[in-house]
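Hi,

Here is the structure I promised to pass on.

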Amino acid sequence: MEAGIVGLPNVGKSTLFNALTLSKAAQSENYPFCTIEPNEGMVSVPDERLDRITTHVQTQKVIPAALKLVDIAGIVQGASEGQGLGNKFLAHIREVDAILQVVRCFDDPDVIHVAGTVDPVADMETIELELLLADLQHFETILPKAERNARGQDKEAKSRLEILKKCQSHLAEEKPIRTLDLIDTERAAIKELGLLSAKPILYVANIDEADLEGTGELVTKVREAASSVQAHVVAVCAKLEAELAELDHGDRLEMLSDVGLREPALAVLARASYTTLGLQSFFTAGEKEVRAWTVPIGATAPQAAGVIHTDFEKGFIRAEIHSVEDLESLGSEKEIRAAGKLRIEGKEYVMQDGDVCHFLCNR
């Protein structure tokens with residue numbers, strides 16, 4: 001699972017990507033296409049539960065969950081019609097599972113906004129419109145074939161055509177597919193289409209250092225606009241986060257204290273991105289490692305075991321599960337077992353966020 005960072009040129013995308021991944025993606029203040037090919041990086045997902053587990057489980061190493069981020073070049077108005085490097089960039093977006101749209105909520109006369117003025121809601125609308133138009137063009141391509149297939153007695157083809165027309169009508173009203181009420185079978189039918197406006201989206205408000213709490217007028221407008229399209233907002237000062245990312249742990253904590261922050265905003269963003277992707281974590285804890293593993297929300301115990309090793313899913317017998325809270329209150333897995341708090345779960349069990357697990361499997 002991966003998320004693509006998108007936005008208009010000069011909104012701070014690459015600065016944010018560099019801070020998140022501690023990489024050096026191509027940057028330029030005033031060159032809209034400084035990012036051509038998408039840069040990729042892995043981001044750790046901070047999770048305080050790992051620290052709580054290691055308080056009671058002595059281990060050699062701790063491994064957090066991670067997610068893949070893709071820094072996609074700046075989109076301009078008209079991208080769906082090939083403006084800028086539009087078609088290429090839209091193709092990159094089609095390949096990711098969720099969208100992180102960076103919107104500019106700061107003023108800086110030295111960094112030119114592509115539209116000439118700072119208006120984050122207009123930026124949001126510009127990119128959303130380009131995604132909608134690209135999806136509409138896609139439907140113009142696939143609908144004729146779907147209509148031909150539905151002329152016979154194939155019920156599945158007729159049903160698929162109805163779903164496609166339902167989506168097309170929604171798009172024609174300038175509404176993204178993610179806001180369309182679809183049942184599971186309908187979502188499954190359009191999943192293979194890779195519709196851009198169907199992808200979950202998280203808005204990242206790139207704020208000024210004078211508004212680190214994200215309470216300014218521009219961020220407030222972004223939150224109001226995001227709520228109308230069923231999306232969330234995280235406020236981040238990319239400039240500050242880039243500086244924090246370059247510091248060692250002690251200096252970072254000191255700088256955070258100086259500016260009145262408990263943790264880097266990037267930690268909040270990483271967790272929000274994880275949630276936007278529909279992911280959750282379960283843990284394994286032992287002498288060699290304490291580790292957070294990633295599974296989609298709704299995954300079963302065998303599927304979770306398969307994340308560790310594919311053979312574990314095939315040979316799954318049962319899972320032994322307890323909570324982080326039980327570990328904290330009872331002190332060890334031995335005491336959890338003695339207190340009857342260790343749950344035995346079978347193949348139908350749906351994993352819960354924060355489960356601490358042992359899997360028993362035939363290999």
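To start with the chain as a whole: what percentage of the 363 residues in the protein chain do buried residues make up? The figure is 48%, where buried means under 20% relative accessible area, exposed over 50% and partly exposed in between, using a 1.4 Å probe and protein chains only.

A word on the ground rules. This is a predicted model, with local features needing pLDDT of at least 70 and side-chain atom pairs counting only at pLDDT 80 or more, while totals for chains, interfaces and linings use all residues. Residues are numbered from 1 along each chain as its sequence is written, and side-chain values use heavy atoms, with hydrogens and water left out.

The protein chain has 14 helices and 12 strands; these are DSSP runs numbered from the N terminus, H or I of at least four residues for helices and E of at least two for strands. Of the contacts in the chain with a separation of 6 or more, 68% come from residues 24 or more positions apart (contact means heavy atoms within 4.5 Å).

Now the sheet. It is open and has 6 strands in the order E2-E4-E1-E5-E6-E7, with mixed pairing; two strands pair if DSSP finds at least two bridges between them. Strand E2 (39-45) and strand E7 (232-236) are at the edges with a single partner strand each, so one side of each has no neighbour in the sheet. On average, neighbouring strands of this sheet are turned by 30° against each other, direction ignored. E2 runs antiparallel to strand E4 (residues 65-71), joined by 7 bridges, and Ser44 stands opposite Ala66 in E4.

Two helices to look at here are H1 and H7. H1 lies across E1, E2, E4, E5, E6 and E7, and runs at about 50° to E2. Helix H7 (residues 217-227) packs on the sheet too, touching E5, E6 and E7, and its direction makes about 160° with that of E7. For these angles, axes are lines fitted to C-alpha atoms (for helices over the stretch in contact), and values run from 0 to 180 degrees between N-to-C directions.

H1 (residues 13-21) also packs against helix H8 (residues 238-245), at an angle of about 30° and with the axes 8 Å apart. That makes H1 roughly parallel to H8 (under 35 degrees counts as roughly parallel, over 145 as roughly antiparallel, 65 to 115 as roughly perpendicular and the rest as oblique). Thr15, Leu16 and Ala19 of H1 make the contact with Ala238, Lys239, Glu241, Ala242 and Ala245 of H8.

Next, strand E8 (residues 279-285). Is it enclosed or open? 7 of its 7 residues are buried, so E8 is largely enclosed by the rest of the structure. In a regular strand the side chains alternate between the two faces of the sheet. In E8 both faces are covered, with Leu279, Ser281, Phe283 and Ala285 buried on one side and Gln280, Phe282 and Thr284 buried on the other. A hairpin through 3 residues joins E8 to E9, and E8 pairs with strand E9 (residues 289-296) in the antiparallel sense over 7 bridges. Phe283 has Ala292 as its bridge partner in E9.

Leaving aside neighbours within four places in sequence, Asp355 is in contact with Ser281, Phe282, Phe283, Ile321, His322, Arg343 and Tyr349. Asp355 and Thr284 are 71 residues apart in sequence, yet 8.6 Å apart in space, C-alpha to C-alpha.

Last, the charges. The count comes to 21 salt bridges, each a side-chain nitrogen of Lys or Arg within 4 Å of a carboxyl oxygen of Asp or Glu. Glu325 forms one with Arg52, with the closest N and O atoms 3.2 Å apart. Glu325 lies in helix H13 (residues 324-330) and Arg52 in helix H2 (residues 48-54), so this pair ties together parts that are 273 residues apart in sequence. Glu325 is partly exposed, at 47% relative accessibility. Another salt bridge joins Arg337 and Glu333 (3.4 Å, N to O), which are 4 residues apart in helix H14 (residues 333-338) and so separated by about one helical turn. Salt bridges that share partners also join Glu48, Arg52, Glu325 and Glu328 into one network.

Cheers
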